[in-house]
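Subject: Structure handover

Hello,

Here is the structure I said I would pass on. Please open it alongside this email.

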Amino acid sequence: MAASCSSSNAITPAPSQKYEVFLSFRGEDTRYGFVSHLYAALCRKKIRTYVDDKSLERGNEISYSLAQAIKESNVAVIILSENYASSSWCLDELLQILECKERYGQTVIPVFYHVEPTHVRKQQGRFGKAFSLLEKRFKKKGDQVNKWKIALSTIAALSGLNSSESRSEAEFVDEIVEDVIRKLHRISRPRDDLKTLVGIERQVKEIEMMLSLLSHRDVCIMGIWGMGGIGKTTLANVVFNRLSSKFESSCFLANVREEWAKGRKNELQKELFSKLLEEDNPLYNVRGRLSNKKVLIVLDDVNDLEQLDHLVGDFSNLFGHGSIIIVTTRDTELLYYIRADARYDVKRLSDLDAIVLFIMNAFNGNLPVPTEYMVRISKRVLNYAQGIPLALKVLGSHLRCKEQENWESVLNELEQYHNFNIQNVLKVSYDGLNQKDQQIFLDIACFFKGMRRDEVENILNACGFFAKLKIDNLIHKSLLTITKSHTLWMHDLVQEMGREIVLSTNDPRKRSRLWIAQDVIRVLKNNEGNEAIQGIFLDTSDIEEVDLEPTVLEKMYKLRYIQIIDDKGLYTKLKFPQGLKSLPTELRYLDWYNYPLEFLPSNFSPHNLVELHMSHSNLKRLWSGVQHLGNLKHIDLSFSQELIEIPDLFHAPRLESMNLKDCRSLVMFPSLNFQNFDEHSDSKESWRADFRNPGTLVLAGCSSLKSLPELSGSIRSLILNGTAIEEFPTSNSALENLFYLDLGDCKLLKNLGSGIRKLEGLKYLGLWMCLSINVFPKNLPRNVMVLNLCGTAIEEVPSSVKYLSCLEEFHLSFCKRLVTLPTSICELKSLRELHLLACSELENFPEILEPMGCLKTLDLSETRIMELPHSFENLIGLHKLLLDGCGKLKFVPDTIIRMPSLKKLSLARCFLVEIPDWLGCLSSLEILDLRSNSIDKIPTSIKDLSRLIELQISDCKNLQLLPELPLSLGLLDASRCTSLKTVSHSKTAMVKCHWNDYQATHYKEFIFSDCLNLDQSALYNIMIDSQKLEEKPFVSLCSPGNEIPEWFSYQSEKSSITIELPSNWHNNNFMGFALCVIVKDIDFRDNPVEVKCEFYFKTHHGKSYKFRSQFQEICEKEPSLRRYISYFKSDHILMWNKHDHRYRDFRDAVEASFDFELLVKKTAHPPSVDKSIIRRYGIRGLYFQDAQEFDIIYKTEQNDQNV
C-alpha cells in the first residue's frame, strides 16, 4: 500500500461533508440486527449517519446518490460479515470508499463481524465461499473480480475492530461508536483557518510536495528549520492537521525544548506513546505495537540530539511503513546529524503577506479598505518586523486599541533602537501596557509560565490585580496564550523579551525578579536584598551549602513570591545558624522545600498568603496563636516529620485543600473549615490529580493521629491511610459530598458504621491492610466504583455484593482468611477487575452462572484453587487470567478456548507436567507465562498463536525441546532451562507464511542464559530467520559459550574494531551488522551492566555521525521487557544485530569503526567495572549468501527439523 505521503495521496479538496458516517454492510446478514443497533447507537450520539435503507439491490451498479453519500461522509464504517463478498453491490461500494480514502483522505474503519481479517484478505473460510459464488457469476469480468480482490486485501490490512475480540454484541457496538467518535474528533479538531494564517498556504503545499517525493521511504523524517518567531510551529501544526486523518495515530508534541529543560523527558515520552496508542498509561510492548502502526509525529522545538534519541530512537524500526516524523528546530546542524530525509527552510513573509497579516491583527481579523495612511504605516511596519509573523502579530495587536492617528508615534518609539531586532519590536507591545499589566506580564515570564491559569489568578488577585481581565488583555495583545490543559503559555521569544527587561538592570540587587541561581545566592549571601525585589525562584540542586543572616529577607518588604526547590532533594542547602528573623508581609506564594527551621518567624503575618508549600521541612509548628488567613487556599506541609501541631485555621474561610502526608509526629489538630464548592468532578481522572483539587484533605501516614479533626464545609477527597484512627465519623455533615475515601493501613479501624450508606456519592473506598476488619463491610453505598479490601481479615464475601451495581474494580488480594466467593459475583455487570492474589485459603472459584462481558482481569495467583469451573467460559471479555503459583491446580479446563479476548495467560509455578494441545486455539493470546513448571515439552500448536509476543519458560528444568514458534514472538526467556538441547527450525513457516498473518514486533529478544546443553547452531538460526522477514527486527541472543562463532570475520580482544567495507556493500541482501561479545561469569545483581557499541562510517568525504547500539537495546526502550546483564554462572555469548535504514545514506563508505563499552546501570553509588569481564569482540556484516555459506541457515527448504 502506498505511503500517505505519496503523490497519489496529495491533498485534494474533499466534497462538502453532509454526513459524518457512512455505513456499508450486507443487508441480509446484518440490516435488522447488528447494523440496526449500531445505527441507533450512532444516532443517540447525534452522529449524522447514512444508511441505505433499500432492502434489494437495484441493477449491477451503485446509484449516483449512494456514491455521493460516500463522498460526502467523513468516516466510512464497513461491516465485513460472512456474506458481504457475495454482493457485487457491496464490493462496488467498497471500491468507491477506498477511492475516497486515497483521493480525499476519508477515514475508513473496517469491522470484522464474525469473520477473521485473514479470511477477508485471502478470501478464505466462509467469507471465501461467499466470494467464490460471486466469482462464478462474474467469471467473464475477470478485471472487475481482480479489483474486488485487491480491495478486500486492502481493507483487511487496515486497523479495524474484530467482534471475536469483544464481549457482548452491545458492548461491541459501544466500542465501534467510541472509535468513530475518536476518529471524528481527529478529523474535526480545531484547524488553523488558512484565511487568517496569511502566506502559509504556499509553504504548506511545498512541504506536502516534499513529503510526496519521499513516499518510497519506510519511515521519513523531515525538518522544518528557521529562526524563532518565523512560524515553524504554526506551519507544522497546519500540516499536522491536514494530514493526521490519513494516519492510524498521530501526536503533536509541543515545546520539547522547554519541557526537556524542566526535567520532564519521561513525561514527554509517556505523552507521545499515550497519544499514539490511545491509552492513558501504556506499558506493555509499546514499541512492538507501534512497529505496526502508520503514525504522524510532530516534535516541536527540538534543540538536542538526545531528545530525538529518547523520544523516537531508531525510528526506522520503531514505526510502521509510511510513518512521518516532522521536527521543528532552530538548529540546522541537528537536522544534518539525524540525516533528515528533507529539510524545509521557513521563509519570511513577502511584503504583501506581511502587510495583510499586520492589518488583520490591527483590525481584529478584518481587512478594511486600505487608505493612504494605512499603506504608509504598513510600509514602516515592514521595515521593523522584517517579515517575521510573531513581530507582525504583536505589533498589530498592540496598535489595535489605539487611535490610528497615534500609530505613527508608536512606531517612532522603535526608531530609538539602533538595531531593529525582533526583541525590540516585541518590547513596543510591552511598553504599551499599563503598569499593572506589565507587572503581571513579568510575573508570568519569570515565574508562572506553565502553571494553571486558575492558580495564577488566585495569587495575582491576592496582589490586588484583577487577574482574569489582565490575563485576557495579554491574550488579546498576542503576548500570552492558554493551552488545552488551561495552563499559561507564551512564545519563548516573548518570555525572553520579558526576562531581558528584568535583566536590563545590571545589578541583581536592583532587579525586580531573581531566578538565576548565582544571582539569588549573591544577593542572599551578602544580605543585599531590598525593596526592588518582588519575586525569587531558586533551585538549590547544584549549589553548595551557604550560611545566611537572620535578616536576609527583612529589607525585601515588597517580596510577593518565593519558590525554593531542590530537584535532588537530598538535604537543605540554605542554613540559618542564627535563625530567620522575618518574612515579608506581602508574600502571596511561599514554596520552600526543605525549610531548615522549626518555626516560621514569630513576627510573620501571613494574611496575604494564597498558597503555603513547605514539603519535607523541619517545622514543628507554623506559628503561635490565631492568624487571619483570609486569602489562604492551599497548604502543603507533607513529609514534615517533626511537625507536631497545626495552628488554628478558623480564620481561613477560603481554604480549599491541605496536604499533611507523612507528618508522623502530628498529634494536635484544630477544627478545619473547607470552602463549599458548587462545581466538582468525581471522574476517575480527577482521583489522580494533585492535592490542590478543591475539598481535598490528605492525612496519609500521620501515624500518631487517632481521631479525625472536626470538619466543616465540604470535603470531597479524604486520604487517611496509615493513621491510628479507630472509628470513622460518617455522621459529619462535611463528608456528605465525599467521593474518595482511603482508610488503608488503618490497623485499629474495625468497622465503618452504618452511616457509611449515607455517602451516596462515594466512588472509591480503600480499606486495604485494615487488619482489624474481619467482616465484609455492610451498608456500602451502591455507587462505589472501586472497593479495595486487600490484606483485611475477612473470611467471605456475602451474596449481597451483587447490589454494588457500579463496581468496576474489586481488590481482595492478600486476604489470607478468605475462603469463599458467592456465585452472585457474576451479577456485577460493571466489574472490570477482580484481584485475589495470595488469598491462600481460597480453594474454589464460584460458578459463573451468566456471561460477564466487562471483566477484563482476573488474578488468582498464589491461591489454593484446584480447578476452575466449566462455566468459566462465561468470562467472555476476559483479557488477563493470572494463575501464578497455584500449586494445587489440577488442570485448566478446555473451556478457556472459548474466551475470544484472552491476551495474557500466566501458569507460572503451578507444578504442571503437561500443557494441553488446545493451547494453539487461543487466537488472541499475546503473553504466555509457563515459568518454573515440570513440563518436558510445549505443544506444537503453539506455532498457531499468531499474536503471541512474549513467551516465558525460564526455570523449566525438564524442558528438552522447543517446537516451532510463531513469527510474532518478541521475547523468549528460556533462562536456566538446563535440559534444553534443541530449538526447532522455523524456516519453512517463514517462507510459506504471509507477514500480515502475524502481529509482529520489530524487537526480538531471545534469552538462553545458563542453558548449558543447548545446541549453539539453534541460536544462529534464530537470528538469521528473523532477518528473513519483510520487516527486519532488532534481535538479541544470550546463551552459554566461550568462543565467538567462526563466521564473525572480524574478531579481537580489543574493544575497538575497524572493518573494511566492500564496494556496493549496502545492497538488497544486506541484513545489518551482527555484533558479538564473550562475557565471563559475573555477579552484578546489585548493579546490572550493559554492553554498548558506537560506530560510524568513513567515506571519501569524512566520517558520518555516530550510530548507537547496545545489547538488549529493547530493554532500554521497552519497560515491560527490561533486562540487564547481571548474573552468569559461566561464560556467555551476547549476540545482537543492528540494522538501520539510514545506513544507505553511507553506501559509498569504505570502512566502519566500532567501539564497545561496558556500562553500569545508573545507581547512586556505581561500582567500578572490570573491563576484562568482556573477553572478546566480534563483528560481521550479514548477507543472505554469507548465511548459507556458513551453514547458519539451511541451504535447502525442508520440512520442519530440529537443529
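Below is what was found in it, from the whole chain down to single residues.

**The chain as a whole**

Please keep in mind that this is a predicted model. The chain has 1203 residues, and 58% of them count as buried. Its secondary structure comes to 31 helices and 51 strands. Take the contacts between residues at least 6 apart in sequence: 63% of them join residues at least 24 apart.

Tyr764 sits in strand β27, which covers residues 764-766. Tyr764 counts as buried because its relative accessibility is 11%, under the 20% cut-off.

**Helices α22 and α23**

Next, a helix pair. Helix α22 spans residues 435-448, and helix α23 spans residues 453-462. Their axes come within 12 Å and cross at roughly 130 degrees. That angle makes α22 oblique to α23. The crossing is right-handed.

Which residues of α22 and α23 make the contact? From α22 they are Ile440, Asp443 and Phe448. From α23 they are Val456, Ile459 and Leu460. By class, this contact has 5 nonpolar residues, no polar ones and 1 charged.

**Helix α26**

Helix α26 runs over residues 517-525. Its buried residues are Asp519, Val520, Ile521, Val523 and Leu524. What do the buried residues of α26 pack against? The partners are four strands: β13 (513-514), β14 (535-539), β15 (546-547) and β17 (574-575). After α26 comes Asn527, with a positive phi near 55 degrees.

Most residues other than glycine have a negative phi. That is the reason to list the next two.

Gln123 has a phi near 55 degrees, a positive value in a residue other than glycine. Gln123 lies in the loop between α5 (117-122) and α6 (125-137). Is Gln123 buried or exposed? At 16% relative accessibility, Gln123 counts as buried.

Asp955 is not a glycine either, yet its phi is positive, at about 65 degrees. Look for Asp955 in the loop between β35 (950-952) and β36 (961-962). Asp955 has a relative accessible area of 21%, so it is partly exposed rather than buried, the cut-off being 20%.

**Cysteines**

How many disulfides does the structure hold? The count is 0. Cys910 is in no disulfide, and the nearest cysteine sulfur, that of Cys886, is 5.2 Å away. Cys910 is buried, with a relative accessible area of 1%. Cys806, by contrast, is partly exposed, with a relative accessible area of 28%.

**Where to start**

For a quick tour, begin with α22 and α23, which cross at roughly 130 degrees. Then go to α26 and the strands its buried residues pack against, including β14.

Best wishes

Methods
Residues numbered from 1 in each chain as written. Predicted model: local features only at pLDDT ≥ 70, side-chain atom pairs only at ≥ 80, totals over all residues. Heavy atoms only, no water. Disulfide = S-S within 2.5 Å. Buried < 20%, exposed > 50% of the residue type's maximum accessible area, 1.4 Å probe, protein only. Axes fitted to C-alpha atoms, helices over the stretch in contact; angles between N-to-C directions. Helix = DSSP H or I, 4+ residues; strand = E, 2+ residues; numbered from the N terminus. Parallel < 35°, antiparallel > 145°, perpendicular 65-115°, else oblique. Left-handed = near helix turned anticlockwise from the far one by under 90°. Contact = heavy atoms within 4.5 Å. Nonpolar A, V, L, I, M, F, W, Y, C, P; charged D, E, K, R; others polar.
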